[in-house]
Amino acid sequence: MTLASWNVNSIKARLANVTAWIKSFKPDVLLLQELKCQEESFPVLEIRSLGYRHETVGQKSYNGVAVLSTEPIAVRERTLPGDETDSQARYLEVETHGLVAASIYLPNGNPVASGKFGYKLAWMGRLARHAEALLREERVLVLGGDYNVIPQAEDCYDPQAWQGDALFRPESRQAFRTLVNLGFTEAYRQIHPKMRDYTFWDYQGGAWQNDLGVRIDHLLLSPQAADRLADCGIDRRPRGADKASDHTPIWCRLDR
DNA sequence: ATGGTCGGCCTCCGA
């Protein structure tokens with residue numbers, strides 16, 4: 001089975017792009033981020049007509065996550081546990097296709113001098129604590145989404161240009177390592193140890209045309225999921241389409 | 001010379 005993740009930067013503005021990609025790639029499970037709409041305005045009919053079930057956590061204007069699946073979906077969590085006061089739509093955890101999957105839209109954290117960076121790091125701490133509990137279940141589990149973290153210098157066209165940015169700050173990268181080191185396998189690096197590839201290119205300054213990107217969308221696999229990992233890739237084609245999102249999908253194939 | 005990134009939206013904020 002194939003599972004993919006894609007930050008679509010508005011599901012309404014991106015509907016034609018998303019439906020076209022689903023038709024061509026046919027993922028079994030698709031994790032979406034940055035819907036930028038409330039649940040009642042999610043394009044239910046268009047997604048259903050493609051043969052997918054869906055669950056969403058929506059919010060007006062900002063954030064918003066979803067899970068699409070060719071099989072029934074059972075929701076486990078609609079928010080990241082650990083802070084009842086957090087109302088941002090950034091986490092949806094489900095069971096489908098016999099696996100546990102979470103669609104994650106991790107806070108951007110910029111500007112670093114604002115409270116947003118503290119919120120990002122606190123959110124990452126909560127994610128790590130919850131992930132520990134998830135790992136104890138010893139299930140096939142995928143935590144996928146827009147992590148807004150550039151793990152290493154080689155995941156970035158120019159580390160100097162990102163120096164000081166919340167996506168590349170040492171604190172952000174350390175928190176990402178702490179999460180991975182709980183026992184996850186980062187699917188892309190497992191399959192492509194040396195490859196330079198990106199999942200995000202800014203709209204500004206011809207970043208896409210000049211391949212000035214960063215790798216910030218990740219699939220984290222539990223040991224039971226990593227046992228089944230057969231392939232992983234980044235599909236650049238959607239980023240080159242008309243009216244593209246600034247992110248492109250990352251996918252993995254789990255065998256058996 | 002002109003333009004300059006998008007999307008949503010209480011025309012600026014968030015990314």
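Strands here are DSSP runs of E at least two residues long, numbered from the N terminus, and two strands pair if DSSP finds at least two bridges between them. Keep in mind that this is a predicted model, where local features need pLDDT of at least 70, side-chain atom pairs count only at pLDDT 80 or more, and totals for chains, interfaces and linings use all residues. Residues are numbered from 1 along each chain as its sequence is written, while chains are lettered from A and ligands numbered from 1 in the order in which they are written.

Let's start with the sheet. It's an open one with 6 strands, running β5-β6-β7-β8-β12-β9, and the pairing is mixed. β5 (74-77) and β9 (185-186) sit at the edges with a single partner strand each, so one side of each has no neighbour in the sheet. Inside the sheet, β6 (residues 91-96) and β7 (residues 99-105) pair in the antiparallel sense over 6 bridges. Look for L92, which stands opposite S103 in β7.

Now hop to the loop between β5 and β6, where you'll find G82. G82 touches R126, R129 and H130, leaving aside residues up to four places away in sequence; contact means C-beta atoms, placed from the backbone, within 7 Å.

Finally, the DNA. Of the 15 residues around DNA strand B, S10, A13, S61, Y203 and Q204 come nearest; "near" means a C-beta atom, placed from the backbone, within 6 Å of the strand.

Technical notes. Helices (H or I, at least four residues) and strands (E, at least two) are DSSP runs, numbered from the N terminus. Two residues are in contact if their C-beta atoms, placed from the backbone, lie within 7 Å.
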